[in-house]
Amino acid sequence: MQLVWGALLILAGMGVFFRIPQVMPQIKTIETFAAIIGFIYFCFYLLGVLLIAGGARKIYDNIKKLRELQGF
């Protein structure tokens, strides 16, 4: 189950990267956010990186545990 969760985290992170170019023009039209658009870009990309890194770490740790249980 943890391997599936890790894969879903990675897919969610990739989804963030694909969605950013589509959403940012809409966010730029909001006057409140127009002044800090660079920070918003940074936050979205950081979110994507953290999701991918967290999913990869979860998969790596669980594969490592499975190998230890099997005696490899």
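Colleague: Let's start with two tyrosines: by about how many helical turns are Tyr41 and Tyr45 separated in helix α3?
Modeller: This is a predicted model, where local features need pLDDT of at least 70, side-chain atom pairs count only at pLDDT 80 or more, and totals for chains, interfaces and linings use all residues. Residues are numbered from 1 along each chain as its sequence is written, and side-chain values use heavy atoms, with hydrogens and water left out. Helices here are DSSP runs of H or I with at least four residues, strands are runs of E with at least two, and the numbering goes from the N terminus. Because Tyr41 and Tyr45 sit four residues apart in helix α3, their separation is about one helical turn.

Colleague: What pattern does the chain follow along the sequence?
Modeller: Start by counting elements: there are three helices and zero strands. Reading along the sequence then gives α-α-α.

Colleague: What radius of gyration does the chain have, next to a compact globule of 72 residues?
Modeller: The C-alpha atoms fill a box of roughly 60 × 15 × 15 Å along the principal axes. The radius of gyration is taken over C-alpha atoms, and the globule rule is 2.2 Å times the number of residues to the power 0.38. A compact globule of 72 residues would come out near 11 Å, but this chain has 17 Å.

Colleague: And what share of the 72 residues is buried?
Modeller: Buried means under 20% relative accessible area, exposed means over 50%, and partly exposed is in between (1.4 Å probe, protein chains only). By that cut-off, the buried share of the 72 residues is 17%.

Colleague: Of the contacts between residues at least 6 apart in sequence, what percentage join residues at least 24 apart?
Modeller: A contact means heavy atoms within 4.5 Å. Of the contacts between residues at least 6 apart, those joining residues at least 24 apart make up 73%.

Colleague: Which residues are linked by ring pairs into a cluster?
Modeller: Rings of Phe, Tyr and Trp (its six-membered ring) pair if their centres lie within 6.5 Å; planes under 30 degrees apart are stacked, over 60 edge-to-face, and the rest tilted. That rule gives two aromatic pairs, and Phe17 and Tyr45 make a tilted one, 5.5 Å centre to centre with 35° between the planes. This pair joins distant parts of the chain, with Phe17 in helix α1 and Tyr45 in helix α3 (residues 37-70), 28 residues apart, while Tyr41 and Tyr45 form a stacked pair, 6.4 Å centre to centre and 10° between the planes. Put together, the cluster is Phe17, Tyr41 and Tyr45.

Colleague: Which residue forms a salt bridge with Asp61?
Modeller: A salt bridge needs a side-chain nitrogen of Lys or Arg within 4 Å of a carboxyl oxygen of Asp or Glu, and the count is one salt bridge. The closest N and O atoms are 3.6 Å apart, and the partner of Asp61 is Arg57.

Colleague: About how much accessible area does the nonpolar patch with Trp5 have together?
Modeller: Patches take residues with over 30% relative accessible area and no salt bridge, joining like charges within 9 Å and nonpolar side chains (Val, Leu, Ile, Met, Phe, Trp, Tyr) within 5 Å. Trp5 lies in helix α1 (residues 2-28), and it is partly exposed because its relative accessibility is 47%. Accessible areas come from the Shrake-Rupley method with a 1.4 Å probe, and for residues only the protein chains shown count as cover. Met1, Val4, Trp5, Leu8, Leu11, Met14 and Phe18 form this surface patch, and their area together is about 830 Å².

Colleague: Which residues does Ile59 touch, not counting those up to four places away in sequence?
Modeller: Ile59 belongs to helix α3 and is partly exposed, with a relative accessible area of 22%. Leaving out residues up to four places away, Ile59 touches Leu3, Gly6, Ala7 and Ile10.

Colleague: Last one: what distance separates the C-alpha atoms of Ala12 and Ile52?
Modeller: Ala12 is part of helix α1, and at 35% relative accessible area Ala12 is partly exposed. Ala12 and Ile52 are 40 residues apart along the chain, and the separation of their C-alpha atoms is 7.7 Å.
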